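Here is a short walk through one protein model, with the sequence and the 3D view beside you. Keep both open as you read, and turn the view as each part comes up.

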Amino acid sequence: MSITRLLVANRGEIAARVVRTARAIGIKTAVLRHPAEVDAPAHAIADQVVTIDGPTPVSAYLDIGQIVQAARHIGADSVHPGYGFLAENAAFVKALDEAGIIFVGPTAEVIDLMGDKVRARNFVAERGFPVAPSAIEDDNPGDFVERARAVGYPLLIKPSAGGGGKGMRIVREDARLRAEIETARREGERYFGDGRLFVETYIENPRHIEVQVMGDGQGNVVHLWERECSIQRRFQKIIEETPSPALRPGQREEICEAAAGIARAVNYRGAGTVEFIYANDGRFYFLEMNTRLQVEHPVTEMVTGFDLVAEQLRIAAGEPLGLQQDDIHQTGHSIELRVCAEDADADFRPAIGNILLMDEPAGPGVRVDSGILEGGKVTTDFDPMLSKLIVHGRDRAEAIARARRAALDYIILGVTTNLGYLYAILEHPRFGFGDLSTGFLDEEADALKRAPDASSTDILLAATALSDARLVQAVESVPAIYRMMGGWRN
C-alpha cells in the first residue's frame, strides 16, 4: 500500500499537527471545515479544504457518510481521524474499509473490543493483567446492586461504553448507591446510547498513569514509556508530563511492559494508549485502552525524539514497525498544558469571544500546537481547548520553570483562558514536589483560586497596542486584570 493523499477528519490543533507531519514526508493533505468555522492554522497549511455541513458543526464531524464521500470526492487514499469525533468509531473504520480507503489506526474489531469497558476489562483480566475488584451488571442485572455492595466502598460506577469521564460516579455510602447507579445509567444512555454499567473499587488518592504503545498489526509492539496525567478536573486532564515523578525504575518497566503485553494480545496496529490507576502502595490496575492518538502525545515525542504521527502513517501504509524497544529512551522531562477558553473564576464556564491579539511563547524547549489564529472567533460549538503548550527540560525542575515562563509569555486577548489557573498549579508547592493525585485540583481548589493571574502585567502592557474599543474587550477577557483595575468601566 501507499499513502499519497490524506484527509484529516478532524479540526483545530490536531488537524494542523497531522498536516505538518504528512506534508513533511511528501503526502498531499486535505482538512474539513464547517461553514460556521473561521480560519484556523490547518486551513492555511493543508493542500485542500473540504466543506462539510450539518445541523450543528459537531454533527457534521460525526457524519460518517458525508466524510467518506468527501474522501472519495477528493481522491484521498487514507483518512487520519485525530482524536475525538470518529477516532474510535468502528462503524467509521468499516465504512472506509468498504470504500477502499486506509484508516490510520487500528482495526474495527480492536476498536470494538477496547471501546467496551466491560469486554476490555474481561479480556485483560483473562490474560493475567491486573484489574481492580469489580462487579459487572451484564453478568446478572437482578443482583447487580448486591454484588456492587460486596465489592466494598468506595465504589466507582462507570458506563460500559464510556470514556472521557462522562457518566462516572463515586459512591462512598450505601444510602447513595441506587440513586447514583440510576444517574450513571441515564448519563450513559445520553452520552453513549448505552446504559449498561459496571462498578469497581475506587482507589483513594490515585494517580493516573498511561503508557504510549505502538504496533504494526504484524505482531510487533513497543512502548514509548509512560505519562503522568493525574492533574484532572472532572475526570478531564489539563496537565500531563513524562516521566512520572511517582515511578521508580523497576515500577516504570513493569507498568510499561504490562501495557505492551496488552497491545500484543490484541495484535495492535498504530498508536494507542493503555491507561492505569496507580495506588499509593505501588499497585496499578488496568483502566482502559484508547485506540487512537492522545491529546498529550507531544510530551512523549519531546522525550523520545520520535514523531508518532509519522509512525502512524508508515504503519497504515503497511510497513513493519520501524522502532525497536532498545532504541527508545527517555531524555529529560516534558510537560504539556491544555490551554482552554474557560473562566476559572466562574466554575470553568466556557468562554467565547474574538481573538484580538495573540502572542505565542517561544525559546529553547518550547512548543505550541495551536488551533487558533489572531482574528479568529471562539464559540461554544466545539471543545474549549484552544492549544497545547509543551515544554522540555533537562529534568523536571527545568521543565516546570520553562512551563511557568512560557505560560507567562503566552498572551491571548479577547477571550478568557485558563492560563492563569495553569500557572497557579505549576507554582503550587505540591506540584513542585510531585505530590500528585487525581483529586489534587479539588483538594487545592481554594489555594488555586486565591492565586493571582501571574501574566496580568505582561498582558496589560500588550493590550495597550490595541485600539480603545478592542482594549476594553481585551481587558475584560482577563478576569485578574479586570479585578485589579476595579472593573474597567468603573
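Helix α4 (residues 64-74) and helix α5 (residues 90-98) pack with their axes 10 Å apart, at an angle of about 35 degrees. Axes here are lines fitted to C-alpha atoms, for helices over the stretch in contact, and angles run from 0 to 180 degrees between N-to-C directions. Helices (H or I, at least four residues) and strands (E, at least two) are DSSP runs, numbered from the N terminus. The α4 and α5 crossing is right-handed, a term used when the near helix is turned clockwise from the far one by less than a right angle. Which residues make this contact? From α4 come I64, I67 and V68, and from α5 come A91, F92, A95 and L96, where contact means heavy atoms within 4.5 Å. By class, the contact of α4 with α5 has seven nonpolar residues, no polar and no charged ones; Ala, Val, Leu, Ile, Met, Phe, Trp, Tyr, Cys and Pro count as nonpolar, Asp, Glu, Lys and Arg as charged, and the others, Gly among them, as polar.

Before going on, a word on the source: this is a predicted model, in which local features need pLDDT of at least 70 and side-chain atom pairs count only at pLDDT 80 or more, while totals for chains, interfaces and linings use all residues. Residues are numbered from 1 along each chain as its sequence is written, and side-chain values use heavy atoms, with hydrogens and water left out.

Now to helix α1 (residues 12-24). Its 13 residues reach 19 Å from the first C-alpha to the last, close to the 18 Å expected at 1.5 Å a residue; the expected span is 1.5 Å times one less than the number of residues. Helix α1 is largely enclosed by the rest of the structure, because 10 of its 13 residues are buried. Buried means under 20% relative accessible area, with a 1.4 Å probe and protein chains only. Among these buried residues are E13, R17 and T21. Just after α1, G26 takes a positive phi of about 85 degrees.

| Residue | Relative accessibility |
|---|---|
| K388 | 0%, buried |
| H333 | 5%, buried |
| H43 | 13%, buried |
| H392 | 18%, buried |

K388 is found in strand β22 (residues 385-393). What does the side chain of K388 reach? It comes to 2.6 Å from the backbone oxygen of V295. A polar atom of the H392 side chain lies 2.7 Å from the backbone oxygen of T331. With residues up to four places away in sequence left out, H392 touches several residues, including M302, G365 and R402.

H333 is found in strand β15 (residues 333-340). The side chain of H333 makes a polar contact of 2.7 Å with the side chain of E241. A polar contact is a pair of N or O atoms within 3.5 Å; within protein, one must be able to donate a hydrogen and the other to accept it, and residues adjacent in sequence count only if both atoms are side-chain atoms. Again not counting residues up to four places away, H333 touches residues including E241, H392 and D395.

Lastly, H43 lies in helix α2 (residues 41-45). Beyond residues up to four places away in sequence, H43 touches V31, L32, R33, V38 and V49.

Conventions
Buried < 20%, exposed > 50% of the residue type's maximum accessible area, 1.4 Å probe, protein only.
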